[in-house]
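I opened this one to see how the chain is put together. My notes follow in the order I looked things up.

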Amino acid sequence: PRLVWRFEASEADGEDIIQGYVDSVWAGCWRSRTSTSGGSIALFGCAIKTWSSTQKTTATSSGKAECYALVKTVA
């Protein structure tokens with residue numbers, strides 16, 4: 001079976017249509033010392049995708065961990 005969702009654009013709110021939220025924890029995994037990141041994508045204020053995972057690259061600082069999480073969100 002196939003599922004199709006339709007979202008009607010409403011400009012009356014004046015809010016952005018697509019919003020992304022992201023956060024990361026530097027060296028969050030205590031075994032591998034890789035950073036943990038998670039986030040969500042909202043369309044018209046409704047969450048359509050969420051995730052949480054360890055990062056594939058080992059970040060050397062909290063700033064780099066945040067940057068890696070941001071790139072994943074934008075992609």
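This is a predicted model: local features need pLDDT of at least 70, side-chain atom pairs count only at pLDDT 80 or more; totals for chains, interfaces and linings use all residues.

**Entry 1: overall make-up**

I counted the secondary structure elements first: the protein chain has 1 helix and 3 strands. For these, helices (H or I, at least four residues) and strands (E, at least two) are DSSP runs, numbered from the N terminus. Reading from the N terminus, I get the order β-β-β-α.

Residues are numbered from 1 along each chain as its sequence is written, and side-chain values use heavy atoms, with hydrogens and water left out.

Next I checked burial. Of the 75 residues in the protein chain, 23% are buried; buried means under 20% relative accessible area, exposed over 50%, and partly exposed in between (1.4 Å probe, protein chains only). The protein chain exposes about 6000 Å², with carbon and sulfur atoms supplying 55% of that. The areas come from the Shrake-Rupley method with a 1.4 Å probe, and for residues only the protein chains shown count as cover.

I also looked at contacts, meaning heavy atoms within 4.5 Å. Taking contacts between residues at least 6 apart in sequence, 35% join residues at least 24 apart.

**Entry 2: the sheet**

Two strands pair if DSSP finds at least two bridges between them.

Strand 1 and strand 2 are antiparallel over 8 bridges, and I found Gly20 opposite Ile41 in strand 2. Strand 2 (residues 36–43) is also joined to strand 3 by 8 bridges, again antiparallel. On that side, Thr36 stands opposite Thr54 and Ser37 stands opposite Ser53.

Is strand 2 mostly covered or mostly open? It is mostly covered, with 7 of its 8 residues buried.

Most residues other than glycine have a negative phi, so I searched for exceptions. Ala27 has a positive phi of about 55 degrees and lies in the loop between strand 1 and strand 2. Ala27 counts as buried because its relative accessibility is 15%. Arg33, in that loop too, has a positive phi of about 60 degrees. At 48% relative accessibility, Arg33 counts as partly exposed. I also noted Phe44, with a positive phi near 55 degrees, in the hairpin of strand 2 and strand 3, which has 2 residues between the strands.

**Entry 3: Thr34 and its surroundings**

Thr34 also belongs to the loop between strand 1 and strand 2. Its relative accessible area is 9%, so Thr34 is buried. What does Thr34 contact, leaving aside its neighbours within four places in sequence? I found Ala27, Gly28, Cys29, Thr54, Gln55 and Thr58. The side chain of Thr34 also makes a polar contact with the side chain of Ser32 (2.9 Å). A polar contact is a pair of N or O atoms within 3.5 Å; within protein, one must be able to donate a hydrogen and the other to accept it, and residues adjacent in sequence count only if both atoms are side-chain atoms.

**Entry 4: cysteines and Thr50**

How many disulfides does the structure hold? I found 0, using a cut-off of 2.5 Å between a pair of cysteine sulfur atoms. Cys29 is partly exposed at 22% relative accessibility, and Cys46 is partly exposed at 44%.

Last, I checked Thr50 in strand 3. With 56% relative accessibility, Thr50 counts as exposed. Not counting residues up to four places away in sequence, Thr50 touches Gly39 and Ser40. Thr50 and Gly20 are 30 residues apart in sequence and 9.8 Å apart in space, C-alpha to C-alpha.
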